[in-house]
Amino acid sequence: MSISGYPDAVNELIELLKGLPGVGRRSAERMALAMLDWNPDKLDALGSVLKELPGRVGFCPECGHLSEKDHLCGICASASRDHSTICVVEDPSQVINIEKSALFRGVYHVLGGKLAPLEGKTPENLNIEKLKERVAGGKIREMVLAFSSDVEGRATAIYLAGLFSGSNVKITRLASGLPAGSNISFADPETIAAAFSGRTNV
Ligand SMILES: [Zn+2]
């Protein structure tokens, strides 16, 4: 029992939960206390899922989206998607959110960030080589650049547009329906649908 009044195991759980985004001390305490009410089977199930996470979740070797480890993601594996249109995004949460709008029927490419040289995000440590490979494959007809409209998002779009300007791929960007500085991960489905249907040539 520590000075905080919680047994050590509860304190350890609170410290770990506090590492999650948006979870402060009080929320972490509430979550930990709620878990103390769970039956052992449920706690065991949570423990197993967490333990197996690194072994079960990986990145799609084609597009870089989250996938079952060592497998294509469901989108790349689907024959009903348009594999000639590729939407380039920063991270997996944007794929998930664009999918909610159910409007885009192409495939994706996840860069794993956007250009921010001061934070060490240069073209070399983004998933750009694989994108070049996909374009060189010759099956891509349109590349939709779907970055947030902040400085780094714009810089990344300009860089990619320049990189592929000599290719036969039509390069478009989302219509400016997204508020300045907003992130596609959080835009509502209607806004995303409007941004896609009004996409313009770069
Ligand atoms: Zn994929």
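**Overall layout**

What you have here is a predicted model.

Counting secondary structure, the chain has 8 helices and 7 strands. Its radius of gyration is 21 Å, well over the 17 Å that the globule rule gives for 202 residues, so the chain is more spread out than a compact globule. Along the principal axes, the C-alpha atoms fill a box of roughly 65 × 35 × 35 Å.

How much of the chain counts as buried? The figure is 24% of the 202 residues. As for contacts with a separation of 6 or more, 53% of them are made by residues 24 or more positions apart.

**The sheet**

Now for the strands. Five of them, in the order S4-S3-S5-S6-S7, make up an open sheet with mixed pairing. Which strands stand at the edges? They are S4 (106–110) and S7 (200–201), and each has a single partner strand, so one side of each is left without a neighbour in the sheet. As a reminder, strands of a sheet pair through backbone hydrogen bonds, either parallel or antiparallel.

| Strand pair | Sense | Bridges |
|---|---|---|
| S3 (residues 82–89) and S4 | parallel | 5 bridges |
| S3 and S5 (residues 142–145) | parallel | 4 bridges |
| S5 and S6 (residues 170–173) | parallel | 4 bridges |

**A helix pair**

Next, take a look at helix H5 (residues 92–101) and helix H8 (residues 189–197). Their axes are 8 Å apart, and the two helices pack at an angle of about 85 degrees. An angle of 65 to 115 degrees counts as roughly perpendicular, and H5 and H8 are therefore roughly perpendicular to each other.

Which residues meet where H5 and H8 pack? On the H5 side there are Asn97, Ile98, Lys100 and Ser101, and they meet Pro189, Ile192 and Ala193 in H8.

**Two loop residues with positive phi**

Two backbone angles deserve a quick look. Aspartate 70 has a phi near 65 degrees, which is a positive value in a residue other than glycine. You'll find aspartate 70 in the loop between strand S2 (66–68) and helix H4 (74–77). Is aspartate 70 buried or exposed? It counts as exposed, because it has 9 C-beta neighbours inside 10 Å, and the cut-off for exposed is 12 or fewer.

Alanine 102 is the other one: its phi is near 55 degrees, again positive in a residue other than glycine. With 10 C-beta neighbours inside 10 Å, alanine 102 counts as exposed.

Key. Residues are numbered from 1 along each chain as its sequence is written. This is a predicted model: local features need pLDDT of at least 70, side-chain atom pairs count only at pLDDT 80 or more; totals for chains, interfaces and linings use all residues. The radius of gyration is taken over C-alpha atoms; the globule rule is 2.2 Å times the number of residues to the power 0.38. A residue is buried if 20 or more other C-beta atoms lie within 10 Å of its own, exposed if 12 or fewer, and partly exposed in between; C-beta atoms are placed from the backbone. Two residues are in contact if their C-beta atoms, placed from the backbone, lie within 7 Å. Two strands pair if DSSP finds at least two bridges between them. Axes are lines fitted to C-alpha atoms, for helices over the stretch in contact, and angles run from 0 to 180 degrees between N-to-C directions. Angles under 35 degrees count as roughly parallel, over 145 as roughly antiparallel, 65 to 115 as roughly perpendicular and the rest as oblique.
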